[in-house]
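Subject: Structure handover

Hello,

Here is the structure I said I would pass on. My notes on it follow below.

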Amino acid sequence: GRLRLNRTHELGTPVDMVSIDEWRQTDELVEQIIESNVHFSVLRCASREVPFSSELTDAALRSLGRRGPGLLDLDIAGCHLISAVGVSALVAGCKTLMALNLSGCSQLFDAAVLAIAQHCNQLTSLAVSDCVNLTDTSLIAVPHGCGKLERLVRQARAKITGHDDHRVRDFVRDFIREEHRSSVQNVFDSALNGRETANFEF
């Protein structure tokens, strides 16, 4: 097969997107793409068609993190072997990320999202649907760290473990400018109740 790129390219020249979502997804393949010197800004590694088929592990995310800035959009939905260790290494190196899809990455815990909040201040879109081990503890940290966030996708099957409405409201009161507090509170209410929230501003 061939890597699906969005325009004809030569190795070492910029392209917009590399997609391996129809390939056998392995750490070695990601490493080969990085070593090929293709300067991509979007990487699609989603595993949607066949659940649990992705072989990508934290090693692939560490490799992307070592590659450094330049990656703007990463889709690894359904990559069930990914953990907070890999996500932390990724975001520590790829601080230019603007969109990140982690939906269905079932081994992620709050530490992964807290790392995103710490490092990804350019992030505008985050998807964590069906990340069943995430709680509201990490969710409420996202807009504080990711001040440009416009879209948050989180479905009801994610774990909401006794979230405290007062704690959320205190966060909104203490960290969000007055003119945005009402809309931000609506964002939290929707996300914590499993409804997708899109096109909002903090």
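Helix α1 (residues 27-35) packs against α2 at an angle of about 15°, and their axes are 8 Å apart. Please keep in mind that this is a predicted model. With angles under 35 degrees counting as roughly parallel, α1 and α2 are therefore roughly parallel to each other. Their crossing is right-handed. On the α1 side, the contact is made by Asp27, Val30, Glu31 and Ile34. On the α2 side, Ala59, Ala60, Ser63, Leu64, Arg66 and Arg67 take part. Sorted by class, the contact of α1 with α2 has five nonpolar, four charged and one polar residue.

Next, a residue in helix α3. Leu90 lies in that helix. Its relative accessible area is 0%, and buried means under 20%, so Leu90 is buried. Not counting residues up to four places away in sequence, Leu90 touches Leu61, Leu64, Gly65, Leu71, Leu74, Leu97 and Leu100. Leu64 also belongs to the α2 side of the contact with α1. Ala60, another α2 residue in that contact, is 30 residues from Leu90 in sequence, with a C-alpha to C-alpha distance of 8.9 Å.

Ser54 sits in the loop between β3 (39-44) and α2 (58-67). Is Ser54 buried or exposed? Its relative accessibility is 4%, so Ser54 counts as buried. Leaving out residues up to four places away in sequence, Ser54 touches Gln25, Ser47, Gly78, Cys79, His80 and Leu81.

The last item is helix α4 (residues 110-119). Seven of its 10 residues are buried, so α4 is largely enclosed by the rest of the structure. The buried residues are Asp110, Ala112, Val113, Ala115, Ile116, Ala117 and His119. Which elements are included in what covers the buried residues of α4? Among them are the helices α3 (84-93), α5 (136-139) and α6 (142-145), together with the strands β5 (99-101) and β6 (125-127).

Regards

Conventions. Residues are numbered from 1 along each chain as its sequence is written. This is a predicted model: local features need pLDDT of at least 70, side-chain atom pairs count only at pLDDT 80 or more; totals for chains, interfaces and linings use all residues. Side-chain values use heavy atoms; hydrogens and water are left out. Helices (H or I, at least four residues) and strands (E, at least two) are DSSP runs, numbered from the N terminus. Buried means under 20% relative accessible area, exposed over 50%, partly exposed in between (1.4 Å probe, protein chains only). Contact means heavy atoms within 4.5 Å. Axes are lines fitted to C-alpha atoms, for helices over the stretch in contact, and angles run from 0 to 180 degrees between N-to-C directions. Angles under 35 degrees count as roughly parallel, over 145 as roughly antiparallel, 65 to 115 as roughly perpendicular and the rest as oblique. A crossing is left-handed if the near helix is turned anticlockwise from the far one by less than a right angle, and right-handed if clockwise. Ala, Val, Leu, Ile, Met, Phe, Trp, Tyr, Cys and Pro count as nonpolar, Asp, Glu, Lys and Arg as charged, and the others, Gly among them, as polar.
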